[in-house]
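I wanted a plain record of what I looked up in this structure, entry by entry. The entries follow in the order in which I made them.

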Amino acid sequence: MSWLPEASAHATRIDILLAGLLLISLAVLGLVFGLMTINIIRFRVGSRVPLSHEAVVHKSWRFEIGWTSATLVIFFLLFLWAARLYVVGFQPPSGAIQIYVTGKQWMWKVQYPGGQREINMLHVPMGRAVQLLLTSEDVIHDFSIPVLRIKHDVLPGRYQSIWFVATRSGQFRFYCTQFCGIGHSRMTGTLVVLNSTDYADWLDHTPASGSLATTGEMLFIRNGCSGCHVSGRYASDARDTSRAPSMVGLYGSMVPGPDGRPIRVDSAFLHDAILHGGPARSQQGNYSTEMPSFRGVLGEDDLAALVAYLQTLSPSASSGMGVDAVTPREGN
Amino acid sequence: MALTADRERSYLWQDGTVRSWLLTTDHKRIALLYMASITVFFILGGIGAALIRMQLVMPTGAILSDETYGRMFTMHGIVMVWLFLVPSIPVTLGNFLVPLMLGARDLAFPRLNLISWYLFVMAGLLVVYGLFRGGLETGWTFYTPLSTDYTQGRVLPVVAGVFLSGFSSIATGLNFIISIHQLRASGMTWYRLPLMLWALYATSVIFVLATPVLSITLVLLAFEHFFRVGVFDPTLGGDPLLFQHLFWFYSHPAVYIMILPGMGVVSEVVSTFCHKQVFGYRFVAWSSISIAAIGFLVWGHHMFVAGTSLYAAVVFSMLSFLVSVPSAIKVFNWLGTMHGGAIRLDAPMLYAMGFIGLFTVGGLTGLFLASLASDVHLTQTYFVVAHFHYIMVGGMVSAYFAGLHYWWPKITGRMYPEMWGRTAAALLFFGFNLTFFPQFLLGYEGMPRRYATYPAQFQVLNVLSSAGASILALAYILPLIYFAWSLLRGARATDNPWQATGLEWRTSSPPPTENFVHPPVVTHDAYDYAALDQANIAARQEVPHA
């Protein structure tokens with residue numbers, strides 16, 4: 001367990017604010033518990049101090065006004081301090097790099113100005129202002145980067161913005177922090193802060209449109225497959241297979257066929273399963289949802305890409321199994 | 001024998017048929033009906049909490065699938081908030097005590113009181129039906145559009161149940177307000193009311209004013225679902241933030257519904273066990289009212305990162321600081337009450353001091369969340385979970401137990417075993433802190449709430465928290481056992497075992513059905529221990545039955 005690093009000047013300012021709040025809290029707590037303890041020791045039944053029923057009315061007014069105004073003054077100063085730091089979030093500097101982040105059950109799609117796209121990864125340069133434009137395709141999500149001490153809800157149908165200047169290179173986690181359905185805890189990713197040369201390098205070497213498998217991965221997510229099927233890529237520890245079978249290691253494995261006899265999952269099996277949908281193809285398991293047909297939704301190019309992607313989820317099987325695969329037919 | 005005669009007349013034993021209990025209009029019996037119901041719901045919600053803490057022992061999730069986990073924390077939240085915390089003290093201790101403290105025969109509308117219990121039970125059954133036949137994974141907040149378009153769970157029966165429970169709350173609130181206005185005994189002026197009644201009065205005002213907003217919101221939710229009227233759903237032209245505004249307009253005042261009665265109990269208990277007038281009575285009384293009033297103006301602090309305007313955020317932040325001032329006033333006044341008293345550390349007092357400590361932590365961490373910039377970092381993490389549990393469990397549940405122990409002799413006519421009471425109070429304090437303090441650190445580190453699985457770096461603190469939860473469970477189970485035991489074997493309680501001043505202690509334990517044989521006349525301020533002591537001395541010299 002390591003203490004949460006500060007990856008921006010704003011994060012440092014927030015930590016100072018938190019330290020201030022903590023100090024005041026500790027002082028008040030010390031006062032409350034101290035007075036409680038002293039009172040118990042001095043005034044418990046059987047102690048030497050006799051019980052007095054003196055009229056406290058006169059005395060009490062002074063105390064009441066004293067602690068009420070002290071509390072008010074301290075609270076007002078805290079309010080001003082924290083509000084000033086918050087206002088900054090609404091004022092992105094001009095010239096900030098604008099990166100589009102789209103939330104969707106249950107992944108983050110990131111698009112860069114240069115046309116690069118990523119899933120659950122966010123690359124930013126160190127020392128430059130970055131503005132994230134956040135939106136959602138379905139429910140309300142929330143984009144949270146603890147090392148930068150910022151977060152914002154991500155709403156369907158509108159853009160929200162947060163901005164930051166990262167000052168520390170490295171890899172840090174970001175999370176969805178607004179409950180968005182059963183895959184909520186899988187909706188995390190990695191923020192990669194690079195120095196400016198590495199960043200330029202990364203931009204150059206990241207193709208604007210990816211390989212077949214990468215395209216397939218995009219399709220897998222964009223068509224909602226990842227909503228039900230665990231694919232292991234984004235959260236290796238995800239194991240929720242109550243809605244649909246996991247795709248990890250599925251390719252090349254044996255499953256019971258329609259007549260009960262086991263059949264091997266090959267490319268054709270996957271291809272047909274996607275086209276026909278539902279449990280028609282395989283009777284295994286009792287899943288809470290029925291897979292819809294994607295006939296008419298996905299073209300063959302898409303299917304090929306999807307199948308190529310699913311093969312990568314069974315690294316041991318993919319090399320030997322490629323032989324019988326339906327070869328992607330160009331221009332079909 | 002006088003004792004048996006008292007027993008015959010007591011509300012507990014006069015006509016013991018099931019029918020007479022189910023059709024009773026006696027506020028004391030209805031209080032017990034409520035007590036039984038909310039205990040069942042508390043156990044149900046507690047089982048949810050236990051499963052949640054077991055799951056989170058392992059980063060990959062120890063026992064539940066993601067889906068079951070979602071349903072479990074939703075169940076925990078909904079049951080605990082609407083079927084335990086909101087009703088808890090008002091409908092049990094409040095129902096029992098309001099007429100007794102006023103010196104009245106019953107509440108203003110005894111039949112309405114019974115109806116409100118039936119509504120509550122129906123609401124509870126609907127919610128439980130929805131949660132068990134299919135379940136629901138939206139969290140207790142029902143945020144749209146997740147709850148309208150993207151969940152397969154049973155939203156409607158659950159929402160209908162919550163809707164119905166609202167009517168139960170409104171009925172109880174109305175009953176209390178009118179009773180306090182109309183049924184005060186001769187000589188019972190407003191400034192002679194016990195602080196418990198000021199707190200319950202403030203609570204009732206919130207019940208009556210805020211709950212309809214929740215009902216309207218839930219109706220709109222149903223409208224959108226059935227008739228596709230665009231209210232909250234952006235694809236239909238609605239605004240999802242509108243739901244949050246309406247929801248928190250009820251649910252933030254509801255936080256004060258949950259804590260104000262607890263503050264009332266603590267004022268009673270601290271005064272009794274210090275044998276001294278409450279310091280700054282009028283300030284404590286009016287702080288309840290101002291909490292209720294300002295509490296209506298702070299709902300926006302749940303939405304600092306939701307996409308509201310900068311100006312709204314700034315105003316709501318300032319008002320949130322303001323609402324914590326009256327709470328601070330109460331804490332200081334309780335400490336002032338202890339000063340110069342004759343302090344006895346019986347179980348109710350231990351629970352009340354636990355309340356003061358834990359509520360102070362909850363309140364102070366509330367400042368971290370009322371502060372705009374730090375809220376951005378901490379909100380929607382475990383910091384928030386820890387914060388509101390300190391208020392609602394550390395505060396409210398401690399106060400509920402303080403009240404239960406304090407009035408147990410009056411309610412049942414039996415004493416609970418004191419040693420066990422103290423043990424349970426200490427266990428509660430220790431177990432609670434071990435459970436929830438690590439969650440503050442988890443929140444600072446960035447662990448989001450409502451995660452079924454989490455990165456391995458958070459495991460140590462999660463294991464600590466789960467260990468604390470098992471101690472906390474013990475602290476809840478113990479009172480269940482010894483309270484049940486005391487019903488049969490506990491020592492018989494005298495009429496005023498704590499030497500307290502309230503009217504409820506002037507009648508027998510348990511009270512007769514009509515509460516007071518002779519209508520009481522109030523001649524002193526609340527908590528006038530000087531007068532009580534003098535009267536006791538005088539009584540000892542004359543007849544022993546004053």
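**Loop between α17 and α18, chain B.** I looked up P510(B) and found it in the loop between α17 (459–489) and α18 of chain B. The model is a predicted one, and in it the peptide bond from S509(B) to P510(B) is cis, with omega near -10°. I then went to N515(B), which sits in the loop between α17 and α18 of chain B. Its phi is near 70°, a positive value in a residue other than glycine. Buried or exposed, I asked of N515(B)? N515(B) counts as buried, because it has 23 C-beta neighbours inside 10 Å, and the cut-off for buried is 20 or more. Y527(B) also has its place in the loop between α17 and α18 of chain B. Phi of Y527(B) is near 60°, a positive value, and the residue is not glycine. Y527(B) is buried, since 27 other C-beta atoms lie within 10 Å. I noted these items because most residues other than glycine have a negative phi, and most peptide bonds are trans.

**Another cis bond.** I found that the peptide bond from T144(B) to P145(B) is cis, with omega near -5°. P145(B) lies in the loop between α6 (110–132) and α7 (146–149) of chain B.

**R414(B).** I placed R414(B) in the loop between α15 (382–412) and α16 (418–445) of chain B. R414(B) counts as partly exposed, because it has 19 C-beta neighbours inside 10 Å and buried needs 20 or more. What is R414(B) in contact with, leaving aside its neighbours within four places in sequence? I listed P409(B), S486(B), L487(B), G490(B), A491(B), R492(B) and A493(B). I also checked F483(B): it is 69 residues from R414(B) in sequence, and the C-alpha atoms of the two are 9.3 Å apart in space.

**A helix pair in chain B.** I took helix α10 (residues 240–274) and helix α11 (residues 281–294) of chain B, whose axes come within 11 Å and cross at roughly 175°. The pair is therefore roughly antiparallel, as angles over 145 degrees count as such. From α10(B), the contact is made by Y256(B), L260(B), M263(B) and S267(B). From α11(B), it is made by V284(B), S288(B), I291(B) and A292(B). I sorted the residues of this contact into 6 nonpolar, 2 polar and no charged.

**Where chain B touches chain A.** How many residues does the contact take from each chain? I got 74 residues from chain B and 71 residues from chain A. On the side of chain B, the elements giving two or more residues are α4 (66–85), α12 (310–338), α13 (347–370), α14 (372–378), α16 and α18 (529–541). The largest share of that side comes from α12(B), with 15 residues. I noted that the residues of the side of chain B that touches chain A divide into 44 nonpolar, 24 polar and 6 charged.

**Chain A, overall.** I counted 8 helices and 12 strands in the secondary structure of chain A. Chain A has 332 residues, of which 34% count as buried. Of its contacts between residues at least 6 apart in sequence, 67% join residues at least 24 apart.

**Helix α1, chain A.** Helix α1 (residues 9–43) of chain A has 35 residues, so at 1.5 Å a residue it should span 51 Å. Its end C-alpha atoms are 50 Å apart, which agrees. I listed the buried residues in α1(A) as H10(A), A11(A), I14(A), L17(A), L21(A), V32(A), N39(A) and F43(A).

**A sheet in chain A.** I traced an open sheet of 5 strands in the order β4-β10-β9-β6-β7 (chain A), with mixed pairing. Its edge strands are β4 (121–125) and β7 (150–154) of chain A, each pairing on one side only. The twist averages 20° from one strand to the next. Strand β9 (residues 170–176) and strand β10 (residues 188–194) of chain A run antiparallel and are joined by 6 bridges. I looked up F174(A), and its bridge partner in β10(A) is G189(A). Last, I looked at helix α3 (residues 196–205) of chain A, which lies across β4 and β10 of chain A and runs at about 130° to β4(A).

Terms used
Residues numbered from 1 in each chain as written. Chains lettered and ligands numbered in written order. Predicted model: local features only at pLDDT ≥ 70, side-chain atom pairs only at ≥ 80, totals over all residues. Helix = DSSP H or I, 4+ residues; strand = E, 2+ residues; numbered from the N terminus. Buried ≥ 20, exposed ≤ 12 C-beta atoms within 10 Å, placed from the backbone. Contact = placed C-beta atoms within 7 Å. Nonpolar A, V, L, I, M, F, W, Y, C, P; charged D, E, K, R; others polar. Pairing = 2+ DSSP bridges. Axes fitted to C-alpha atoms, helices over the stretch in contact; angles between N-to-C directions. Parallel < 35°, antiparallel > 145°, perpendicular 65-115°, else oblique. Expected span 1.5 Å × (residues − 1).
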